[in-house]
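Please look over the following model before reading on.

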Amino acid sequence: MTVLDTLKLTEIFIASDDFCKRLDEYHKEKGIGNQKKSGRPATMSDSEIMTVLIFFHLSGIRCFKWYYNNVLMVYLRSYFPDLPDYTTFLTASNRVFAPMTLFMQAVRLSPRTGHNYVDSKPLAVCHNKRIKQHRVFAGIAKRGKSSMGWFFGFKLHAVINEYGQLVVVRISSGNVSDNNHKMLRSLTKDLQGFLYGDKGYISKLRDELRGKGLTLVTKLRSKMRPKEMLAEEQKHYLKHRRLIKSAFDILKHVCQIEHSRHRSVKGFLINTIAALLAYTFLDKTPECPKFPKKLGKWDRKMTIELI
């Protein structure tokens, strides 16, 4: 039996509701969305729908329909008194795509630090044997290749800091390479300091990024000669590049960012953004050990005297 953390549920709702209220105030100031809407009035607010979607990815339950009918409708009904039936909720959830995207980009992403890691993760939408029969993402999803082999779907491109927190997130089709110039410029638009990646990020943009104050640090391919020697601190952080692999592993196995049962493109995007938001609400994320600074002679003398 899954143990549901209602304190985490409350935390997600408060953060979502505060953002939605500020967004509504901004819309009123700019005169956006003042037109009268036809149809039945919504029973659930946008913040409640966002909370339901995000909390699902932290519940440990794989089936959203079972989670909705057997958990929300039974055990968490007091938290959502206006909860509609399952089909009505799925229809209403389509309207929170834009607020959830803004919520992640404007509030939940972490600030830039001096040391960041970049990598990509494949998001397969079906098995390779069923590519020809797949219809939901026909013309949108593409075949790509990762270290684990060929896949059909999309790619999640992400930058995290040394504390394992998400800094920049982008989604592309599966055939976009890691060192694609357009994607790399988008990921590093506001970054400074050091960016650590694998050999797939070796790019001709290295000098361009250095001009903006960002140093791209990667391992070398075979028969490549190093142009400059790395400092001990950069070697330390490059050695712990597996940190972003751990973050992707949590996104897959804890936040359930990947599955092959999507019925629409918007459903896929909402599921992906909800999983990313769920990751930002985790109490603990993988963290890189701090670089051990060596003591100089003067520091050693002072340490001995203090002892």
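Predicted model: local features only at pLDDT ≥ 70, side-chain atom pairs only at ≥ 80, totals over all residues.

Residues are numbered from 1 along each chain as its sequence is written, and side-chain values use heavy atoms, with hydrogens and water left out.

Q: How many salt bridges does the count come to?
A: A salt bridge is a side-chain nitrogen of Lys or Arg within 4 Å of a carboxyl oxygen of Asp or Glu. By this rule the count is 11.

Q: How many residues apart in sequence are the parts that Arg241 and Asp119 tie together?
A: The side chains of Arg241 and Asp119 form a salt bridge at 3.5 Å, N to O. Arg241 sits in the loop between α8 and α9, and Asp119 in strand β1, so the linked parts are separated in sequence by 122 residues.

Q: Is Glu232 buried or exposed?
A: Buried means under 20% relative accessible area, exposed over 50%, and partly exposed in between (1.4 Å probe, protein chains only). The relative accessible area of Glu232 is 52%, so Glu232 is exposed.

Q: Which residue is the bridge partner of Lys145 in β3?
A: Helices (H or I, at least four residues) and strands (E, at least two) are DSSP runs, numbered from the N terminus, and two strands pair if DSSP finds at least two bridges between them. Strands β2 and β3 run antiparallel and are joined by five bridges. In β3, Lys145 has as its bridge partner Trp150.
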